[in-house]
Amino acid sequence: MAEFRTCPETGLKVDLAAEKLIKWNAVTSVVFLLVGGLFGLLVALTRWPEVHLLGADLYYLVLTGHGLDILLVWVIFFEMVLLYFTSAILLNARLVAPTLGWVQYGLMLVGAAITNVAVLQGDSSVMFTSYVPLKAAPHFYLGIILFAVGALIGCGIFFATLVTAKKEKTFEGSMPLVTFGAMVAAIIAVFTIATGAVILIPTLLWSAGIIPHIDSLLYKVVWWGMGHSSQQINVSAHIACWYGIAAILFGAKPLSEKVSRMAFFLYILFLQLASAHHLLVEPGLSSEYKIFNTSYALYMAVLGSMIHGLTVPGSVEAAMRKKGYNKGLFEWLRKAPWGNPVFSGMAISVVTFGFLGGISGVVIGTEQLNLIMHNTMYVPGHFHTTVGSGTTLAFMAMAYWAVPTLWQRELFAPGLAKWAPYLFGLGVSFVGVFQMGAGTLGAPRRHWDMTLADATIGYDLPAASFLMMGMNGVAALAASLGGAIFILNMVGTILIGKRKTAAAAPAPAAPAPAGVSGHGEGVSVPGTFVLAIIFLITFVLYYFVNWKYLASVWPLS
Amino acid sequence: MAITPPEQRVWWNEPVEKTEVLWVTIALVWALVMFFMMPYWHFAGEQNLSNEAYRVKPDAYLAKVEASAEKHKVREEGTTGIPVVRPPVGGDAYLLGRQFQWWPVLELKKGATYRLHMSSMDVQHGFSLLPENINIQVHPEYEMILKVTPTRSGSYGILCNEYCGTGHHIMTGKIYVTDN
């Protein structure tokens, strides 16, 4: 029989078994964020030309670990937290099969540990992508497979909890939007993991010497069915966090449930095709295939993100206007709680994910434009602004609220926490900007020595690209400081944070009165609309600047 | 609120904001523009990757590259011993990637169009032609053929930008483009 407590702060009914799983998954995710973040700092310090910290072997090792621990381990452990939270707790339900939840946790932990050991042993520096025929030790692949199976079990528990909650009528009508977003993430996770199994199991057998050969192109086609879709789990999950934070802080309701949910739905329908945009400059694939797939079948997944880009700030604007912040276009934004890391983290995440991550993603996902960016520093520039200042920052923002609430303790260092989203969010954003700049100048990604000192045939990359990589190092230091404050706060809050007294808890944000969402004359969220138009103009200009750049390179066909 | 069930029992019946309809329409139009740019560039633009590729055994490819190098070698690159190969104008130019070298050095003529063959002897490599910043993935067992027309004379660097092992960062090559 499930046991519950009532959260004094939110009034939510909390299943104790779910809460325990949430806590363990959350703590583990933060530990891997710390490990992966340290690896990342070492990478940045090595790519800083004046510092050039690590030797080549260690650098490639650490870079592999950084990719795996951040892109996979940290985010997916945190997504397990979201799945348990948005199903059991938001639906006032009992978590189905908590014992199986511990199997999820155990498999993921063991898998992550095995893969990390394989990387640290030094003979598995094959990068996150592990493109065959470059070979890692068998337990490198085995660890990833165990980790994925664990995640799959977590998704299963989530779906079962949704069904049970519905059956036991723990909530009325449709599920909340945040739970819907988490469900989309879980659905994507299931077919992502299935795709991963299709490619990683044979690769494990190949690495162990049982299968003689794997076609490098086939590997890549299937691998990206997992590789890119797994990042779309993050997008769905962090957008769910955006909506969740807007609701928690402002009592915001979505502008309309229909549009927001359809935007989530677009991810399910169209993103698996997107994996092909990693193969735009490969031999053996036709232009028609590339065009159809990169279009995400008509850029529909991009459309989904552009919709959320309007509806999330729009819901905040609508809620703030209802509270009376109605002056001009942007009073609602100026009067927002910029000193609260939950809000500032979410706001910076929305802006940088859209402007930097979104636009750069579309540019490198365009069939021909990819030629001038493929595998340059531009590519890590793109994913640091999507996974770093997008997903990771959104998860951090959520954690600044969730950890004190779940553990019933005061935030450990609230004064420092105020600065953390700016240091981390802007730090990672600038990491992305400088990397994109260096990539545009030709600096290769994953490269230990851009001076090419030991190469038989030397080449001088432009001085500006060295400057960019130096600035990248500085920005990475700022980001690391922000990340360190986050981890300090999480660990400090859990271990030695002051216990909250129930009486001091503020009342939950009152739900907005129905039907006041402004179906009057004209645009109901004018400030957000103006911001969206600024975004669109930036997007259009930058897109065509890149076509102009492309047109200046050697003709080829 | 987004963390509570929608007010209407069925979310589909919730009203839609006018601003959203406007934005979705604008975004959809922009998505269509971006979609049509790709096929459009195949007609109007000059930078499109070829669809021509063949399966090839690394040994067979190596033999072709070496035969071409022997036939069209004009000199050696400095003291490296790497041949500088001047393929016939309008003809086939061969380049191979292997751990950790691009081989041989090519000398092309400005304004002439070549059929550039590329493949790998071992793992995947990244062909990155600088300062043009043309970047192409090179796979083992696939021979890609690309028609290229150098437009500026000078000397160009080739880096490997796909991680290919511990010597990845020393994997370089060169292309000369001459005026006449």
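This is a predicted model: local features need pLDDT of at least 70, side-chain atom pairs count only at pLDDT 80 or more; totals for chains, interfaces and linings use all residues.
Student: What do B:Glu77 and B:Lys174 form, and how far apart are the closest N and O atoms?

Tutor: The two residues form a salt bridge, with 3.5 Å between the closest N and O atoms. B:Glu77 sits in strand β2 of chain B and B:Lys174 in strand β12 of chain B, so the pair ties together parts that are 97 residues apart in sequence.

Student: And over all chains, how many salt bridges are there?

Tutor: The search of the whole structure gives 19. One of them joins the side chains of A:Glu9 and A:Lys500, at 2.8 Å from N to O; because A:Glu9 lies in the loop between β1 and β2 of chain A and A:Lys500 in the loop between α14 and α15 of chain A, this pair links parts 491 residues apart in sequence.

Student: Is A:Glu9 buried or exposed?

Tutor: A:Glu9 counts as buried, at 15% relative accessibility, while A:Lys500, at 22%, counts as partly exposed.

Student: Switching to the interface, how many salt bridges cross between chain B and chain A?

Tutor: The rule finds three, among them A:Asp215 with B:Arg55 and A:Glu172 with B:Arg9, each of these two pairs being listed at 3.2 Å from N to O.

Student: What area is buried there, and how many residues does each chain give?

Tutor: About 9,200 Å² is buried between the chains, with carbon and sulfur atoms giving 66% of that area, and the contact takes 119 residues from chain A and 90 residues from chain B.

How values were computed:
Residues are numbered from 1 along each chain as its sequence is written. Chains are lettered from A and ligands numbered from 1 in the order in which they are written. Side-chain values use heavy atoms; hydrogens and water are left out. Contact means heavy atoms within 4.5 Å. Buried area is the accessible area (1.4 Å probe) that two parts lose on being put together, summed over both. A salt bridge is a side-chain nitrogen of Lys or Arg within 4 Å of a carboxyl oxygen of Asp or Glu. Helices (H or I, at least four residues) and strands (E, at least two) are DSSP runs, numbered from the N terminus. Buried means under 20% relative accessible area, exposed over 50%, partly exposed in between (1.4 Å probe, protein chains only).
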